[in-house]
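Please open the model in your viewer and keep the selection tool at hand. We will go from stop to stop, and at each one you will hear what to select.

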Amino acid sequence: HPSSSSELIDSRRNDFSERSWWMVDVDCDGEGSSTQGATSLVKRCMRAYGWNLPKTRKILSAYKQFLTLKKEFGDWDATLLSPCHLVYQMWHQHILDNFNY
């Protein structure tokens, strides 16, 4: 049982790099199933919104571009950039996934 929140965060396993997080394998089920990264987000959006895989991958690409711009401009208080509706929906699903956000 961790004694502090920093131990809890440090003990959580995260094998993703900034590049590998965006890789998607929706056929990954069972023991090797990913609970982190874009695969989890893509599956979540497909379930929540009824999106098919090609559409979800396109929105994921736009979501990545949006986050990259947010980071480059340092727009953490949303004074410069706002996502389109579909990207906003994906972002919302990402925020709801406390473990993966």
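Where is the place of Leu-67? Select Leu-67 and you will find yourself in helix α3. A helix here is a DSSP run of H or I with at least four residues, a strand is a run of E with at least two, and both are numbered from the N terminus.

Before moving on, please note that this is a predicted model, in which local features need pLDDT of at least 70, side-chain atom pairs count only at pLDDT 80 or more, and totals for chains, interfaces and linings use all residues. Residues are numbered from 1 along each chain as its sequence is written, and side-chain values use heavy atoms, with hydrogens and water left out.

**The whole chain**

Zoom out and colour by secondary structure. The protein chain has 4 helices and 0 strands, giving the pattern α-α-α-α along the sequence. Of its 101 residues, 31% are buried. Buried means under 20% relative accessible area, exposed means over 50%, and partly exposed is in between, with a 1.4 Å probe and protein chains only.

**Back to Leu-67**

Leu-67 has a relative accessible area of 25%, so this residue is partly exposed. Leu-67 and Pro-83 are 16 residues apart in sequence, and their C-alpha atoms are 9.3 Å apart in space.

**Helix α2 and its neighbours**

Next, select residues 38-49, which form helix α2, together with residues 53-73, which form α3. Two packed helices are described by the angle between their axes and the distance between the axes. Axes are lines fitted to C-alpha atoms, for helices over the stretch in contact, and angles run from 0 to 180 degrees between N-to-C directions. For α2 and α3 the angle is about 125 degrees and the axes are 10 Å apart, so the two helices are oblique to each other. Angles under 35 degrees count as roughly parallel, over 145 as roughly antiparallel, 65 to 115 as roughly perpendicular, and the rest as oblique.

The axes of α2 and α4 come within 10 Å and cross at roughly 115 degrees. That makes α2 roughly perpendicular to α4. In which hand does α2 pass α4? The crossing is right-handed, and α2 passes α3 in a right-handed crossing as well. A crossing is right-handed if the near helix is turned clockwise from the far one by less than a right angle, and left-handed if anticlockwise.

While α2 is selected, pick out Tyr-49, which lies in this helix. Tyr-49 is partly exposed, at 24% relative accessible area. Tyr-49 and Gln-93 are 44 residues apart in sequence and 9.9 Å apart in space, C-alpha to C-alpha.

Then step to Asn-52, in the loop between α2 and α3. Asn-52 is partly exposed, with a relative accessible area of 46%. From Asn-52 to Val-42 the C-alpha distance is 9.7 Å, across 10 residues of sequence.

**A salt bridge**

Show the side chains of Lys-70 and Asp-75. How far apart are their closest N and O atoms? They are 3.2 Å apart, and the two residues form a salt bridge, meaning a side-chain nitrogen of Lys or Arg within 4 Å of a carboxyl oxygen of Asp or Glu. A search of the whole structure finds 1 salt bridge. Lys-70 counts as buried at 5% relative accessibility, and Asp-75 counts as buried at 1%.

**The loop between α3 and α4**

Select Ala-78, in the loop between α3 and α4. Most residues other than glycine have a negative phi. Ala-78 has a positive one, near 55 degrees. At 46% relative accessibility, Ala-78 counts as partly exposed.

Is Leu-80 buried or exposed? Leu-80 is exposed, with a relative accessible area of 57%.
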